[in-house]
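Colleague: Let us go through this model together. I will ask, and you answer briefly.

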Amino acid sequence: MKLYRSLFAKYRSSRLMQLRMVPMIDVVFLLLVFFLLSANFRSQEGFLPAELPQYLEQAQRLEMEPLLIYLASQPDGSCRVQIGSERVFDVSSPTTFNQDDPAGGSVDTLIDFQQLGREIQTVIASQGRTISDPVKLVPTSRTKWDHVVKTYNALWQINLRNVIFAMVD
Amino acid sequence: MKKKSHSILRDSQPPQFNMTPMIDVVFLLIIFFMLICQFIVQENYKLEIPDDCAHAIVPDHPDEGAITVSVYPKPVQDDETAQNEVLFAVRSYRFDPADPRYRHDGDLLIADMSRQITEQAQRKSDPLINLRADKDMTYGNVQKALLALARSKITRVQLAAYRSEQMDK
């Protein structure tokens, strides 16, 4: 018993085991700085759902002739859109929208992509079509993807979901 | 005799917790995992998806198993003058149309991409594809990715786009 007491007293008098936090915090901070600098942050992306047709060896005939929407990017950054054989618009993003730009040739007006949706809706109604009828986007091979997606977004705006992407040469 | 008792006292000091080897091991583990997990970073290709698409849906719980197909401009090196070149990627597998195998046979590129997509899609019952294409890419280029998807009999596709206009360009 006496021996135990003396040992216990010796233990208490000696230094207690210490966890040295300072180097650990240093390392953790270094890691934090490293990951902050090396991380590649990306804004949260949205998605426009699309449905591709099944790949068929032989082309399937559609029940109804789709409304064709031709898209061609212009050198000035706008997109020339022809809805069926009826109307042609120069469509521009709101940031590059400029009313002073002359609309050449047989182009109706200079509009933005939001207005394009409404114009398509007008043509659909005038042709006696419904929003469930197919619409075919016909870009050229040089049309910017940005213009294709914005037009697709304009079709979603008017609840038009039956959209086909044309394959071009 | 006095000397001996001093030595016993010194030896009986309680053990200390040495953090240094632990930090070394932790560092090694971090480096190991960083190298192993590089394929996740590689999917995050530098490209600007179309913006200002108000109808793009930002999912609350993104589908972790979605297969990302990217179409993006080839990074221009200092010694290169070629511009407007495109690269394709199915997850982290990259496809370069400038590769000698594809240069004379464009269909082989689509076939290879399609094979890779099919391989990835086989792991899922209802595969979902996130198509991330740079906004300045031409439709002719993105069409190759669409063709590869169609050949893989993929129907569920999402077109990546930002809901609002991107200010941090």
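Colleague: How many salt bridges are there between chain A and chain B?

Modeller: This is a predicted model, in which local features need pLDDT of at least 70, side-chain atom pairs count only at pLDDT 80 or more, and totals for chains, interfaces and linings use all residues. Residues are numbered from 1 along each chain as its sequence is written, chains are lettered from A and ligands numbered from 1 in the order in which they are written, and side-chain values use heavy atoms, with hydrogens and water left out. A salt bridge here is a side-chain nitrogen of Lys or Arg within 4 Å of a carboxyl oxygen of Asp or Glu. Between chain A and chain B the count is 3.

Colleague: Which residue of chain B forms a salt bridge with E45(A)?

Modeller: The closest N and O atoms of the pair are 2.7 Å apart. The partner of E45(A) is R132(B).

Colleague: Which element gives the most to the side of chain A that touches chain B?

Modeller: Helices (H or I, at least four residues) and strands (E, at least two) are DSSP runs, numbered from the N terminus. The elements of chain A that give two or more residues to this side are α1 (2-13), α2 (21-38), β1 (46-51) and α4 (145-157). With 9 residues, the one that gives the most is α4(A).

Colleague: How many residues of chain B are in contact with chain A?

Modeller: Contact means heavy atoms within 4.5 Å. Chain A brings 49 residues to these contacts. Chain B brings 53.

Colleague: What share of the area buried between chain A and chain B comes from carbon and sulfur atoms?

Modeller: Buried area is the accessible area (1.4 Å probe) that two parts lose on being put together, summed over both. For chain A and chain B it is about 4,800 Å². Carbon and sulfur atoms give 64%.

Colleague: Which residue of β5(B) is the bridge partner of L48(A)?

Modeller: Two strands pair if DSSP finds at least two bridges between them. β1(A) and β5(B), residues 156-161, pair in the antiparallel sense over 6 bridges. In β5(B), the partner of L48(A) is L159(B).

Colleague: Which residues are linked with D146(A) in a network of salt bridges?

Modeller: The network has members in chain A and in chain B. Linked with D146(A) are K150(A), D51(B) and K135(B).

Colleague: In which loop is K153(B), with its positive phi, found?

Modeller: K153(B) is not a glycine, yet its phi is about 60 degrees. At 56% relative accessible area, K153(B) is exposed. Its loop is the one between α6 and β5 of chain B.

Colleague: What percentage of the residues of chain B count as buried?

Modeller: Chain B holds 6 helices and 5 strands. From the N terminus on, they run α-α-α-β-β-β-α-α-β-α-β. Of its 169 residues, the buried share is 39%.

Notes. Buried < 20%, exposed > 50% of the residue type's maximum accessible area, 1.4 Å probe, protein only.
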